[in-house]
Amino acid sequence: MSSNEEKAIYVLEQLNEQLLCPVCLEKFSEPKLLECHHTFCTNCLQRIINNCESVCVVCPTCRDETKIPDQGIESLPTNFFVNSILGYLSLDGEQLERMRVERKCEMCDEPEFADLATSKCVDCSKVLCGACVADHKRARTTLDHRVVALLGLDADCDKQELDRYSISFCKTHTRNVIKYYCMTCDTTVCRVCTILEHREHRYVYPKEALPEQKEEIAKLLGKTKERIPELKDALGLVREMSEKLADCKMTIAEEIKRNANERVLALREAEEKLLGRLEIIYTGKQKVLGLQRDGLELELGKISGCCEFAENVLKYENEVEILTIKNKLKNLSDIELKLDPEEDDTIQYTADPDYLRTVSQSLGIIHASSTFASLSFAVGDGISTARVKVEASFQVITKDRHGNRKEGGDRLNVLVRQPDGTILKSKVKDEGNGTYLVSYTPELNGKHEISVTIQDKPIKDSPFNVLVINRREYNEVGSTLMRFGQYGSKKKEFKSPFGVACDQSGHIYVADSYNHRVQVFGTKGEFVHFFGAHGERKGMLSCNF
């Protein structure tokens, strides 16, 4: 291989490294440009936004903030330079060979007599011959344009091999190619860096720095490779959890549908019963009213006919008929009739106004925990010390993956194991704000173990070792002469008082064990002073006396 080809391969190798996204370490995909001029894949920026709710996206390289457009990440400016380089490097060996042979300079004055192209201007996206490259670099408007060589690779060179070739540009001065290695700062620099930021630093060419750095790079490579199994295991756990989540969703969805269908079926059955009951009542009332209507119509016909006949008799003055009709009229006028309807239209229907809410609530509720057990922790004396037959307590504070928590409902389990291996009953109270109050009453003295889990995962520092001591019954010693103090760390407060003594003046000395001090009181129990503090130096005390 000629020296020119070696240089071309080196340039492509450096260029390829520059075209890797700093986040995913893969070739740029839909590269977007931030306000700090750093470039990242669209999907990588989207993942960064999804992980933190903010109107700005923080650059992973320089930590500068770029405001997210209203249309989303897709509306950020596209890095067309990176796109063009990616398109150029995506050509396979055969295409490059054909381009090298067939393509002619696009800047020559006479295209038909143009020389073969040897380079390409990245900014202009035009291929140039040797003479035009020199003119391109001299012109003021194109002085800063980046020109790369057109490589003549073997036709057998596949795309994967071609992707190795790249040029590395300075991260600070993005238009300058990296040429040196700063030994002082342990980083690669460009020519401008040696004049500005790395002035008076010790720097060498990369080839000179490579032998010294090779061993350290090998160590770092081995150390970095050790993380691969961890990441693969973590990835496997995430995938497994994702599958479990999908199964859980399907199971709950089917259960919700089944419960809803059962309630719909029950409502339909209740509807049919109510409609059937309504039909029976309606039919009964209509039957009574129909019989009454028929009776009244019959009597109405009799009276109407008799009255019409009486009017005709009176009109024609037939003495015998007049006397005969008199008795009929008397009977009809004295007949007792039920004129009021024997049934009314009263059919009442009452329903519980809260029934709909009750039915919807009977379907159940959906609750999802976002608590991170490894970020959650416990605080309080109950995770370190306790006394026999005295209730001890501590608080569990839960956190989500962002370090926040404002609601409860977690599946929190507390297991208190006594020295003899038996399990002690404990109480857990959900405060509803992401905190839980745990209480228990020890029955034995000695070392207890308390395990706290959320969704079957231990919280920070769990399990806890708790030292439980016996509570001394002073009634067995003698009658009580004076009583003062309470549990705590302030004046006249104690944590496991271990001993009491008096001097000739009547002062009372109390060994305040777990406060690492001795408190002194007067003859009437008034606080005088205390001495001691936690530590190993002179004048300091350590727990037990």
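Begin by selecting Gln-292, which is placed in helix H9; helices here are DSSP runs of H or I with at least four residues, strands are DSSP runs of E with at least two, and both are numbered from the N terminus. The model is predicted, so local features need pLDDT of at least 70 and side-chain atom pairs count only at pLDDT 80 or more, while totals for chains, interfaces and linings use all residues. Residues are numbered from 1 along each chain as its sequence is written, and side-chain values use heavy atoms, without hydrogens and water.

Gln-292 is buried, with a relative accessible area of 9% (buried means under 20%, exposed over 50%, partly exposed in between, with a 1.4 Å probe and protein chains only). Leaving aside residues up to four places away in sequence, Gln-292 touches Lys-338, Leu-339, Asp-340, Pro-341 and Glu-342; contact means heavy atoms within 4.5 Å.

Next, select Leu-278, also in helix H9, which spans residues 227–316. Leu-278 is partly exposed, at a relative accessible area of 39%.

Now turn to the sheet. Select the four strands of an open sheet, ordered S11-S13-S17-S16 with antiparallel pairing; two strands pair if DSSP finds at least two bridges between them. Strand S11 (371–379) and strand S16 (426–430) stand at the edges with a single partner strand each, so one side of each lacks a neighbour in the sheet.

Finally, select S11 together with strand S13 (residues 392–400): five bridges join these antiparallel strands. Ala-378 stands opposite Val-396 in S13.
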